Amino acid sequence: IIILEKNYNLNNGDLVVVSLNNEFCIRRYFEKNNFIVFNHINSVYEPIILEKSSDFKIYGKLAVTINNL
């Protein structure tokens, strides 16, 4: 279970829930010049680099995770 902040200011390194190519994922957010970089939590994978005008939607900033219920 994850809890998102809907009213947020993003800082580099924040974890966000983002929709990329109609798939929801959790990525680490970075802003560099006119680009947005979404890093995978697992560093084995390459980052996703998009122009700010690209088609993506950030649904919220990760506030809390609950692992064991």
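**View 1. Aromatic pairs in the predicted model.** Three aromatic pairs are found when the whole structure is searched. Rings of Phe, Tyr and Trp (its six-membered ring) count as a pair if their centres lie within 6.5 Å; planes under 30 degrees apart are called stacked, over 60 edge-to-face, and the rest tilted. The model is predicted, so local features need pLDDT of at least 70 and side-chain atom pairs count only at pLDDT 80 or more, while totals for chains, interfaces and linings use all residues. Residues are numbered from 1 along each chain as its sequence is written, and side-chain values use heavy atoms, with hydrogens and water left out.

**View 2. The tilted pair of Phe-24 and Tyr-59.** The ring centres of Phe-24 and Tyr-59 are 5.0 Å apart, with 55 degrees between the planes. Phe-24 belongs to strand β3 (residues 23–32) and Tyr-59 to strand β6 (residues 56–65), so the pair ties together parts 35 residues apart in sequence. Strands (E, at least two residues) are DSSP runs, numbered from the N terminus. Phe-24 is exposed at 58% relative accessibility, whereas Tyr-59, at 27%, is partly exposed. Buried means under 20% relative accessible area, exposed over 50%, and partly exposed in between (1.4 Å probe, protein chains only).

**View 3. The edge-to-face pair of Phe-38 and Phe-56.** Here the centres are 5.5 Å apart and the planes 75 degrees. Phe-38 lies in strand β4 (residues 35–39) and Phe-56 in strand β6, so this pair ties together parts 18 residues apart in sequence. Phe-38 is buried, at 0% relative accessibility. Tyr-29, Phe-38 and Phe-56 form one aromatic cluster.

Technical notes: Helices (H or I, at least four residues) and strands (E, at least two) are DSSP runs, numbered from the N terminus.
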